[in-house]
Amino acid sequence: MSENRVAFNADTRSQPGKRVILVNGIPASGKSTLAVELSACTGWLQLSLDGIKNPFLQRIEGVDRAFNRVLGQASYQVIWSIVGDAPQGTTFIVDAWFGFQPKALLIDYLQQAGVSQVVEVWCQISAERAAARYQARLGERLPGHLGAEYIPELKILADKAQPLELGQVYYCDQEKPVDINAINSWIANVLK
C-alpha cells in the first residue's frame, strides 16, 4: 500500500470501512451483465477484470495465454489498488472470475484495501450453457483472450467451480432470467 494511502486511511479510521460485492463465476457465466445492471441500480462503481485488461489488449500485439495471465494478474492488482485509494465508506462491485488467483491473495488484497464487508453473488451456470455463451462471443473478444481451444477446459471448470464464501453468498442461477431487483434487495439487507 502506498504511503499516501496509509496516511489517508489513518485519517479516516472512525468512518466505516469499504464494502465490496464480488460478482463471481467462471468465464461466460453472466458476471459482467449482472455487475453492470447492479451498478445501474445502486450507483456503486463497478470494476471488472476485463475492463482494466482490455485497453492493454487493444495496444499490445501477440498476447499469448501466459502473457494474458500476467495482464490478468496486474489488472486484479489494479482493482484492489483503486479500492484501497477510495474513501472509507465506499461500496464497489467487482466483476471477476476469482478462481484464477489463490483465495489467500484476495484476502490479502481485501485487507490492504481496507475492506470491512464482503458479499458475493455467485453466477452458477451449466457447462453446456457456459460453452455456448463463450462460443457465441468469440468474434467479439479482443485478440489475446483465449479462443475456442479453451471451451473444453471451461466445461470442466463449470462442473467444479465454487463460490469463495468470504461473506454471505447469493446464488444466481444463470439458467433462468436474472432478477436484479431481488439481488439488489438481498444485498441491501445483508449490508445493513
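**Entry 1**

I began with the strands and found five of them in an open sheet, ordered 2-3-1-4-5, with parallel pairing. I note here that the model is predicted. Strand 2 (45-48) and strand 5 (169-173) are the edge strands, since each pairs on one side only. From one strand to the next I read an average twist of 20°.

**Entry 1: strand 1 and its two partners**

I looked up strand 1 (residues 18-24) next and asked which residues it pairs with. On one side it runs parallel to strand 3 (residues 91-96), and six bridges join the two. On strand 4 I counted seven bridges to strand 1, again in a parallel run.

I then picked out single residues. L22 has V94 as its bridge partner in strand 3, and in strand 4 its partner is E120. For N24, I found A96 as the bridge partner in strand 3. As a background note, strands of a sheet pair through backbone hydrogen bonds, either parallel or antiparallel.

How many residues of strand 1 are buried? Six of the seven are, and I wrote the strand down as mostly covered.

Helix 8 (residues 180-190) lies across strand 1, strand 4 (115-124) and strand 5. I noted that helix 8 runs at about 155° to strand 4.

**Entry 2: helix 4 with helix 5**

I turned to pairs of helices. Helix 4 (residues 65-85) packs with helix 5 (residues 103-113) at an angle of about 25°, and their axes are 8 Å apart. Angles under 35 degrees count as roughly parallel, and helix 4 and helix 5 are therefore roughly parallel to each other. The crossing of helix 4 past helix 5 is right-handed.

Which residues meet in this contact? From helix 4 I listed Y76, Q77, W80, V83 and G84; from helix 5 I listed L105, L106, Y109, L110 and A113. I sorted the residues of this contact into eight nonpolar and two polar, with no charged ones.

**Entry 3: S75**

I stayed in helix 4 for one more residue, S75. Is S75 buried or exposed? Its relative accessible area is 2%, and the cut-off for buried is under 20%, so S75 is buried.

I then checked what S75 touches, leaving aside its neighbours within four places in sequence. The residues in contact with S75 are L49, I52 and K53.

**Entry 4: helix 6 with helix 7**

The last pair I looked up was helix 6 (residues 127-136) and helix 7 (residues 151-160). Their axes come within 8 Å and cross at roughly 145°. Helix 6 passes helix 7 in a right-handed crossing.

On the helix 6 side I listed A127, A130, A131, Y134 and Q135, which meet I151, L154, K155, A158 and D159 of helix 7. The residues of this contact come to seven nonpolar, one polar and two charged.

How values were computed: Residues are numbered from 1 along each chain as its sequence is written. This is a predicted model: local features need pLDDT of at least 70, side-chain atom pairs count only at pLDDT 80 or more; totals for chains, interfaces and linings use all residues. Side-chain values use heavy atoms; hydrogens and water are left out. Axes are lines fitted to C-alpha atoms, for helices over the stretch in contact, and angles run from 0 to 180 degrees between N-to-C directions. Helices (H or I, at least four residues) and strands (E, at least two) are DSSP runs, numbered from the N terminus. Angles under 35 degrees count as roughly parallel, over 145 as roughly antiparallel, 65 to 115 as roughly perpendicular and the rest as oblique. A crossing is left-handed if the near helix is turned anticlockwise from the far one by less than a right angle, and right-handed if clockwise. Contact means heavy atoms within 4.5 Å. Ala, Val, Leu, Ile, Met, Phe, Trp, Tyr, Cys and Pro count as nonpolar, Asp, Glu, Lys and Arg as charged, and the others, Gly among them, as polar. Buried means under 20% relative accessible area, exposed over 50%, partly exposed in between (1.4 Å probe, protein chains only). Two strands pair if DSSP finds at least two bridges between them.
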